[in-house]
Every structure is written in structure tokens, then in C-alpha cells.
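Dear colleague,

Please find the structure below. My notes on selected residues follow it.

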Number of protein chains: 2
Amino acid sequence: MAEISELGEFGLIDRITEQFPLRNESSVYGVGDDAAILHYGDKDVLVTTDLLLEGIHFDLRYVPLKHLGYKSAIVNFSDVYAMGGVPKQITVSLGVSSRFTVENIETLYEGIRTACEMYGVDLVGGDTSASVTGLVISVTCIGECEKGQAIRRDGAKPTDIICVSGDLGAAFMGLQLLERENRVSASAGKDFQPDFSGKEYILERQLKPEARRDIIEGLRKEGIRPTSMMDVSDGLSSELLHICKKSGVGCRVYEDRIPIDYQTALMAEELNMSLITAAMNGGEDYELLFTVPLTEHDRIENVKGIKMIGYVTAPELGCAMITRDGQEFPLKAQGWNAFTEKSQ
Amino acid sequence: MAEISELGEFGLIDRITEQFPLRNESSVYGVGDDAAILHYGDKDVLVTTDLLLEGIHFDLRYVPLKHLGYKSAIVNFSDVYAMGGVPKQITVSLGVSSRFTVENIETLYEGIRTACEMYGVDLVGGDTSASVTGLVISVTCIGECEKGQAIRRDGAKPTDIICVSGDLGAAFMGLQLLERENRVSASAGKDFQPDFSGKEYILERQLKPEARRDIIEGLRKEGIRPTSMMDVSDGLSSELLHICKKSGVGCRVYEDRIPIDYQTALMAEELNMSLITAAMNGGEDYELLFTVPLTEHDRIENVKGIKMIGYVTAPELGCAMITRDGQEFPLKAQGWNAFTEKSQ
């Protein structure tokens, strides 16, 4: 009998989905991207779903319910944007234990509502039931894009420029900080007040991430169509390997081009952790990773908040990072894997 | 602080969803029916979602994983048929604890695949992660129907005939049988062999329900368009009250018209339970409950597997069942409520 942890989430998904061929005309693209692509009428419909479980994906000892609701919605919006689409509807299913009050659930939904209002998304359904275990949140998001215009992971071509939005590693460092303060608080007793001053940015990146609608709009305005795209939820290394595997290409990214905020760097120093590892493998950044043809080099500079971090190569060159001192290190997917670790 | 059990699932949903207005043009109808109705292109897209939690919705001591997978898919297909639509795609998210092997997950997916093949549905996405608690299954189903042709719960009119497909109470009796055998087995030790002979039908209704595609096809063939429809998942009484509340009408149903299989009746006698209570409140029947104009009386008889059980009245007459001896009893929603009981 095989252990699930040996195969990992992606191995398991591969093994199962090869047994599920698509038969319906309206099923354009199934498992294996940020969202499924469905063909309904004159638009393509995008569908993505995420399951968030207490004790695995969040810890209620330091995640406020309102933030949790907000984030649950945002991570799904991010998947739709990562296809080049616009999120339009969500359904939310909850499993709640008896220790939750109606006010708790309303607080969670307040976060969901705020996210929906910010991003113009409608809540159209769901399912709420008791849970004998922890809190369970399942969100499905439906979005749309022009027919045939969804941006998948499999279109990157050699010489394409690799771009990423925002900065990386901050959400991971925010989590380290929250976990440290939680440990200190547990031993210090009830009078303990955590000191988060000067660390607001990394906390917000962990607790209240945003989906990069602005980047999608910026690209559209400039008339740039990425050849491949996905959002960075499991860490940049892991996502780069996904794009390269799906596209049948290799890549080179430069350590000194990876965007990192100074709060992230300070926190890594304070905790004596490798900054580049945090940025490459931290995860939960919800930034957009994408590739564009080399000919778009100048136009990309017109879109705010994007950094060019490397280029796509022929497949035989493999996937590697070039360090500041010019050495090449193969990329490894050390991204967050819910089957092998509870959190990084 | 309000307890969730005081408000119940529907009270909670009402309270939350009134704060979520629909804003997008593509959001036709949101929370409050079997599925949401979305307007994408020349078809209406239906979306429904269900969250199944170990210990609440299923008990792995007597539910085989393959059946569980099958049923998880079917209950969602049933919601799409209950809107008069055709299910086309599903996404499946799983939370699995470390005691599960890859083979266990594959067995679960085998059931899902069988259901998908039977009903012509494609698996297009999902999410799999670890769970520190029990098994969590979240399924979202996407279906379609002709524009404006989705059948909601709010269209029943006085004098309409109330119809139900198949028979009721069998799945509930199947559950009683499984729970009894499980208790006996626990005290009798490992040599115990449950005897299910002559009870195959009620077991199958519990473990391997079907969605009534045949009824939807039969109605379409006869050119009959129900004025309201939903599937019977929480029990006939509860569903009738939903339709009447949403439509602003009352109803009368006749005890002697409620379709019940003889295995259901025998089991109720064996367990000394009220047969009509099981049929009216048992739940998990996944039959279709619908109303048709009185003028369709003769044509309805051409569709196999449908029973006319009563009629719609003016709202001031309320909702009642007429017993065999001519007495009127108000209908009560004693349906399965995951917030107040683990199972009925």
C-alpha cells in the first residue's frame, strides 16, 4: 500500500486524473492549471476550487476569522486572474464545529463579503453544516474571459522573458513571525502583548493577501498577452518548475533579480533564516508569475509592479537559478506540501 | 451570543445571504435553490456545491469508499437535474488524513469516475490536501440548461398538481439497518456477518442512490415544464415547505398517495418505527419533487415513475397532510438537520 506522502499532492492528482478523460464539448481544459476552462456560449468560463482545513491551512490561534474569510475568497480570485480572467461568482461551503457561534460565522462572512465587494464578485451559493472536527472552508470561484483567451501554464517558449509581480517571501516571513509570537505568548501567559511594529507589511501579506487584478489590467492596457501564467501559491521554485514541465522548456532565473521587501529581509535576518530560500520557496505570495515574448521587453516596463527575473530556455538546459556570484543551482520544488509538512 | 443550532442551517444562510446582493450581469440567481443560475452566453450555467464531512454526513465504519465517491457525485448531479438542467462538469476537493493510503483515495475516485461515466460528466478540477481530522469531500457541479429555462422553487401556483418520483423513506431505512448491524457487529466481535438478504433495495438506496435524469428526460419528451422543482434530500415535508414558502402558496398531500417500497415498510415494522414519518422526513431519497399545472394531469401519467401526491393551495390554507382517515395534520420540517443531530 502506497503512502500518500510518497506520491505527494501532484503525483496523486496526476495518477487519478489520467483516468478521467474529458467528454463534453463544454469541457475545454480540466485538471492541471489554476482553473478549469469551460466553453459556455460566447465566453470561456473558468472554475477553480480550494479547500481550507483548520490545522493544515490555518491556525485559529492567530488568524482572525474576518481575515480568514477574506483570504479564502482572495486565493480563489487569484487563481482566476492567473488564467487572465475576471472572477465573477463564488460559492462557499462551511463545516463548523459547535464551539462556533452565529457571530463567529458572520465575522468569517464579513471577510468574504469585503473581498467580494473589493473585487466585484457575487456570492451565489454554498452549503453549511456541522463539523465534528475543525473548521472546514471550501470555496469555488467562477470567472470569465474572452473565448480562447485563457492563459494556461503550457505556453512558455524558449527566449520568453520570465516576469513576476510584487515581491516574494513576505507572507512566509509573516507566518514565521505569527508562529513565534504565538509560542512566546503561550509560555508568557495572558498579559503578553506581541510587538508587531515595523513588521506590518509581512503580517498583512500573510493575513490579508490581495489578488493581482491590477497586473492583469495593466497587461491588458498595454496589449501584452503572456504566453503562460500562474499564481505563486506554493513558492516561486515550485511554480517555475510547473510552467517549465507543462510547457516542455527550461529556465534561468537570477538571484539578484528576485523581488524582496526590506521587511522580509529584516525578518529573515532576525530569525536567522535564508532569505533567498524564503523568497523562492515560501509560498502564499499570490503574486503572478508569467512569461512574455522577448519582443515585449520594452512594453513590460510600462506595467507597474512587474520584475523581469530571467528567461525561458530549451528543455535540455533544465531549470536553474544563477546566484549573485554566477553559480548555477538547479531549482527544486521545496514548496509547501500539505502531505509532508503542516507548514513550512 | 447565538448558538448555531437555534438558528439552524437555513436561518443562518438567510441571515448571511441578505447581506450579499448580486451585482454581476452574469449572476442570475444566487443562494436559495438547488443550484445557482449564471448567464454565460447562450446557455444558463448552473452551479451547485456540497460539503461532506466524516462523522456528520457519512460513517466509514459501514460506508465503502467506492460507494461514498459515487454518492458524493450523484447528490450534486441530482441538484442540477432538480433545476431542469444537465450536469456537465464537477470539481472534487478532498481533505484526507494520514491513515488513508493512495489505494483508498483511488477507490474513492473509482466511485466518482463510475458516476461521471454513468451520467456523462467530466471531472475538471479539484484540490487534495492532508486533513488532521477526518475525511472531507467537497464537490462542485456545473451544468447547463436552455436560457431562462431553469426550474426554480418559487413558481408553484394554487391548483398545481404536486408530483414526486420513485419512492420515499428507503434510504433512511437503509441507514437504520446499517447502524443496527454496526452496533450488533461491535458487540458480537469479528466473526459477525450481517444478514442483508431481502433488504437489498433499502441498502442500495442509502449507499448508492441515483439522480433522476430519466424523469427530467421523460418530462421533456412529453413537453411538460414543471412550475417548481427540487430534489428530496432533507425529507419530503421539509422540501414541500421550502417550495410553498418560496412560491407563497399552501399545499395538501395525501398520506395514501405517498409512494413507499415494501422493503421500506417491512423494515419500519421490524424496527417498530413510524413508516409515514420515515417517508415524509427520512431524507436522502434524491427523488424529484415538482409541481405542474392542473392541465398537465393526463400527460403526467405518460411519464413513468411519477406519483401525484397532492395539490397546491392558496397560502392561507397552510401546508398539511391528509391522513388515511381524513384528518389534516400540518406539515413540519423534521428533516435531517446537521446542526441538531448527527443523523436521524
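In which loop of chain A does Thr159(A) lie? Thr159(A) belongs to the loop between β6 (136–146) and β7 (161–165) of chain A; helices (H or I, at least four residues) and strands (E, at least two) are DSSP runs, numbered from the N terminus.

Before the remaining findings, the conventions. This is a predicted model, in which local features need pLDDT of at least 70, side-chain atom pairs count only at pLDDT 80 or more, and totals for chains, interfaces and linings use all residues. Residues are numbered from 1 along each chain as its sequence is written, while chains are lettered from A and ligands numbered from 1 in the order in which they are written.

Most residues other than glycine have a negative phi. Thr159(A), although not a glycine, has a positive phi of about 80 degrees. Thr159(A) is partly exposed because 13 other C-beta atoms lie within 10 Å (buried means 20 or more other C-beta atoms within 10 Å, exposed 12 or fewer, partly exposed in between, with C-beta atoms placed from the backbone).

Asn272(A), also a residue other than glycine, has a positive phi near 55 degrees. Asn272(A) is placed in the loop between α8 (262–270) and α9 (275–281) of chain A and counts as exposed, because it has 6 C-beta neighbours inside 10 Å.

Val249(A) sits in the loop between α7 (236–247) and β9 (250–254) of chain A. Val249(A) counts as buried because it has 24 C-beta neighbours inside 10 Å. Leaving aside neighbours within four places in sequence, its contacts (C-beta atoms, placed from the backbone, within 7 Å) include Lys157(A), Cys244(A) and Val312(A). Val249(A) and Lys157(A) are 92 residues apart in sequence, and their C-alpha atoms are 6.7 Å apart in space.

Yours sincerely

Methods. Two residues are in contact if their C-beta atoms, placed from the backbone, lie within 7 Å.
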